[in-house]
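Here is a friendly walk through the rings, cores and surface of one protein model. Have the structure open as you read.

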Amino acid sequence: MESSAEQSSLRLKPVQVAGLSDLIDFVDGRLTIGRDPDNVLTLPGDMFPGVSQHHARLDENDGELTLLDLGSRNGTLLNGKKIESAPVGVGDIVQLGAIGPRFILISSAPLSETMFVDPEKVGLRGGAGESLTESRVEHIKEALGVPRGGVEELVKKRTRRTQVSGAILGVLVVVALVLWGRHLSETGRRANEAQLEHTEDQLAQVRQDYESRLRELAVENRHLGELVDGLRARELSRSVELAQTKADLDAERGRLEEERTGLLARLQELETRGTASSEQMEGLRESIESTRRNLELLDPVNLEQARLTDVSRVRSSIVLFEVKMTLRNKETGKLLHLASHFGGDVPNFDDLGEPWAFESTGSGFCVSPEGWILTNAHVVEPPGALPFLLASEEMPIEPVIEVNAVFSGSSTRRRATTVLLANEGDDDLALVKIEPFPEMPYLEDFDPSGPTLEPGIDVFLFGFPLGNFALQQGETVIASTFRGILSRIVDDILQVDAGVHPGNSGGPVTDKHGRVIGVVFSVQAMPDRSAVYTTGYAIPISAALGKVWPPPENWEPPAVEDTGVDGSEVEVEGD
C-alpha cells in the first residue's frame, strides 16, 4: 500500500504541449510514451512526427524512478542531455528528441502527511450518552503523545514547521523556474540551430541541383552549338560543291555545244562537197544525235525529273507494317480478354469482354520479286517482357504475333512472316517474307553492299511516320518522303539530318540516285528524353550482309489457312 501511495503521487506535466491534459498519471508504476496506441501517453503522429512508436518509458521501483530510451529514432533527453537510461526525480525535464515535446516530473503529495488515529486505541467509542470529560481528553492527549500543558507549544511547532516548509518550497519553485527558463532558452537555441542547419543543408542541395542543371544546360548548349556550326559548315561545303558542280556542268555543256556545232559544220561541209560516203554521213548524224541527248541530260529540268523518277521508284516499294500481339492460354488455346466492371478491367480467358491486344506500326521496303522485305527487328518483334511478367504456373500464357504488310499506294493487307532476326547488341534488322503477287513493286537494283559514303551528300528517307494516325487516302496508305543530308558517320551508324518520326523505323535511306545506303532505326533524344525529330540514325545497309541477307535457301512458309479477308492469312498451329 505504501509504494502504491508513493506511485500515485508522481505525475508527468506537459510543458506547453498542445492537446494534452495537464497531468499524466503512472499506471502500475510505469508510464510509456510514443505514437503507438498501446502507450500510456499516446502522441498523435501528425503533430509529433519526430516521436517514435515506442519512444521512452518511466519505471518506478522501490521509490526510485528511472527514465529509459526505447531505441527511438531521435533520442530521449533528460535536462537537455541525451540518455539511454538514467534516474530521474521531481523537477527533472524529459524531452523526446532535440525539438520534440517536453514534460516535467512533479509530485502531488501534500506538504505534511495526515496522522491516522485509531478510535480503538484512544477509546473514543464510549457508551451511549458518554461525553468527553476532562479525564478522557487527558487520556486522548496521552495516547497522541502530547505532554500535559504542551498543546500550545505543539501548535506553535507545527505552525513554524509549516512556514519553514512553505518557504523552502517557494525557494525550490523559484530555483526550478529559473533552471526551467534557462533550459527552455537553451533548448530553443539548439532547436533554432538545428533548424538553421537543416535549412542550410536544403539550400546547399538546391544550389547543387541548380549548378548541376547549369552544367547540363551548358553541355546541351555546346552540343547544339556544335550541331549548328556543323550544319553551317556543311551548308557552306554544299554551296561550294554545288557551285563547283554547276561550273562543271556549264563547262561540259559548253564543250558539248562546241562539239555539236563542229559536227554540224562538218556535216554541212561534207554535204556541200559531196565527197563523203553515206556511212560517214550516217556516223556524223549519230554523233550529233548523241551529243544532243547528252545536252538534254545536263539540262536542270531533266536532271530534276530524273531524280524524281528515282524517288518515285523507291517509294512504290515501301511497306507499312501493322503488328498485333495477343496473349493466348497455352493449355486451352483461348485468348486473354478484358471485361469492363465498375472496379476496372478484369482479365479472363472466358471470352468475356474484348480481346487484349498490343498494336504497333513501322516501315519496310521490298527488295526482291520473291517477296523479301527488309525492316527493323523491333518493328516486327513487339516488346517481349509483358508476357513473361504476366505468365505464371496459374496463368500459362504465350504471345501470338500477327504481322500484316501494306504497300504504299495500296489498301490490301498481306500476311507477313518473320524469317530472320538480328537483334543482338547494336543490331536491329529483320527479314520478312510475303507471298509475291502480280506487278508487286520492289527495288530492282538493290545492292546490299551499298555505295561508298561521304558526309554531306543528299539523302532521302522513306516510311510511314505516325503509322495509321497520319492522314491517308481512306484505306489506301501513302508513304512519306523526307529529304536531308548525311551529316556524319559514327561507329558505323549513319546520322541523317532530316525529318525522322515514330513509324519511320525500318524504312530505307537512299542517295540521290535511289540506291539504299541504310535502314532508319532511331531518333535523337535529349537528356530530358524529349526527341529531336530533325536528327535520326540509320544502320548501314551493308550490316545486313551475313545477318538477314541473303535469304535462306529452300525456305518453306508455315502452313496457313485462307481467311478470305483482305488477302490476309492466318497461321495454323501444328499438333
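Searching the whole structure turns up 3 aromatic pairs (Phe, Tyr or Trp rings, for Trp the six-membered one, with centres within 6.5 Å; planes under 30 degrees apart are stacked, over 60 edge-to-face, the rest tilted). Phenylalanine 446 and tryptophan 549 make an edge-to-face pair, 5.6 Å centre to centre with 90° between the planes. This pair links distant parts of the chain, 103 residues apart: phenylalanine 446 is in the loop between β20 (429–433) and β21 (458–463), and tryptophan 549 in the loop between β26 (531–540) and β27 (560–562). Both phenylalanine 446 and tryptophan 549 are buried (under 20% relative accessible area, 1.4 Å probe, protein chains only; exposed is over 50%, partly exposed in between).

This is a predicted model, where local features need pLDDT of at least 70, side-chain atom pairs count only at pLDDT 80 or more, and totals for chains, interfaces and linings use all residues. Residues are numbered from 1 along each chain as its sequence is written, and side-chain values use heavy atoms, leaving out hydrogens and water.

Two charges sit over rings (NZ of Lys or CZ of Arg within 6 Å of the ring centre and within 35 degrees of the ring normal):

| Charge | Ring | Distance to ring centre |
|---|---|---|
| Arginine 414 | Phenylalanine 437 | 3.7 Å |
| Lysine 433 | Tryptophan 372 | 5.5 Å |

Phe446 returns in the largest nonpolar core, which has 27 residues; Phe365, Leu374 and Phe446 have the most contacts inside it (buried Ala, Val, Leu, Ile, Met, Phe, Trp, Tyr and Cys joined through side-chain atoms within 4.5 Å). A second, separate core has 23 residues, including Leu12, Leu41, Leu58 and Leu96.

Key: Helices (H or I, at least four residues) and strands (E, at least two) are DSSP runs, numbered from the N terminus.
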